[in-house]
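Let's take a walk through this fold, from the overall layout down to a few individual residues. Have the viewer open and follow along.

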Amino acid sequence: MIGCYDYTVVLTYLSMLSATSGIMLCLNDIGHPYLGMFFLMFCGLCDAFDGKVARTKKNRTDSMKKFGIQIDSLSDLVAFGVLPACIGIAMLRSSIEFLTFPNIKFLHLHLADKPIVIKVVLTLIAIFYALAAMIRLAYFNVLEEERQETENGVRKTYIGLPVTSAALVFPTILLLHIFCNADLTLLYFLFLVIVGVLFISEIQVKKPTTKGILIMIGIGILEAAALAFIFIVMRKK
């Protein structure tokens, strides 16, 4: 078979499987679209360690390294570009009925209940976000290839906001959505615009240290625990 199947690519493959599952869950209405957030955060967890795991293998060939770079970007596009956009689209047909917290009830609405102008505009925003993520990843690959020809080691700064930031930004909005007892669907799409613009901007973002990565993982775990508590324990039947 073509491709690589050793331990260095397992986390990337798991991230891709998680992202695809989240997309199907949202778009096929198997469950509430916000359940896709758990898959998004799992993708973020996999991405935090996939590079470190890959670098532990000392005898990787150039082909294996290039293959790892390619599948990492392709997986990131699905996980942090397409999945957040699909969650947003799924939000157009679902909502939360706020009773007395924690007695919240999840509802499913029909797209026909929403004005056509709103549906078109928000759909275009979701498409823009996915496109911006693709441009960001492709541009990063070009710069990284050029950098590796002249430098050794890992890069210290990024140009443009890394797409993996989606794994923390959008779950935070969901928590605000629930704890504020307000419909923040439009805020979600506003952040799709903001984050999408930051993807393709020229801002300099310092690469997080191991300590910084651990802090972000801790935040993600707390968010996942809070969401799990809300969806599983507090959800009104």
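Predicted model: local features only at pLDDT ≥ 70, side-chain atom pairs only at ≥ 80, totals over all residues.

The protein has seven helices and four strands, and reading from the N terminus the elements go α-α-α-β-β-α-β-α-α-β-α. If you count contacts between residues at least 6 apart in sequence, 80% of them link residues at least 24 apart. Of the 237 residues, 41% count as buried.

Now for the inside. In soluble globular proteins, nonpolar side chains tend to be buried together. Here, the largest nonpolar core has 40 residues, and Phe170 and Tyr188 are the ones that touch the most other members. Helices 1 (10–27), 2 (36–55), 3, 4 (116–150), 5 (166–179), 6 (185–199) and 7 (210–233) each put in at least two residues. Helix 3 gives the largest share, with nine residues. Zoom in on Phe170 and, leaving aside neighbours within four places in sequence, you'll find it in contact with Met37, Leu40, Pro84, Tyr129, Tyr188, Phe191, Leu192 and Val195.

Ser165 sits in the loop between strand 3 (157–159) and helix 5. Is Ser165 buried or exposed? Its relative accessibility is 18%, so Ser165 counts as buried, the cut-off being under 20%.

Back to helix 3 (residues 62–91), which holds Asp76. This one is worth a look: Asp76 is buried but has no salt bridge, and the nearest side chain of opposite charge, Arg136, is 8.6 Å away. For comparison, a salt bridge here needs a nitrogen–oxygen pair within 4 Å. So what does Asp76 contact, setting aside its neighbours within four places in sequence? The list is Asp47, Gly81, Leu137, Val163 and Thr164.

Finally, turn to the outside. Tyr7, Val10, Leu14, Leu17, Phe42, Leu45, Phe49 and Leu214 make up a nonpolar patch on the surface, with about 700 Å² of accessible area together. Helix 1 and helix 2 are the elements that supply two or more of its residues. Leu45, one of the patch members, lies in helix 2. Its relative accessible area is 37%, so Leu45 counts as partly exposed.

Key:
Residues numbered from 1 in each chain as written. Heavy atoms only, no water. Buried < 20%, exposed > 50% of the residue type's maximum accessible area, 1.4 Å probe, protein only. Lys, Arg positive; Asp, Glu negative; His and termini not counted. Contact = heavy atoms within 4.5 Å. Core = buried A, V, L, I, M, F, W, Y, C linked by side-chain atoms within 4.5 Å. Patch = residues over 30% accessible without salt bridge, like charges linked within 9 Å, V, L, I, M, F, W, Y side chains within 5 Å. Areas by Shrake-Rupley, 256 points an atom, 1.4 Å probe, with all protein chains shown as cover.
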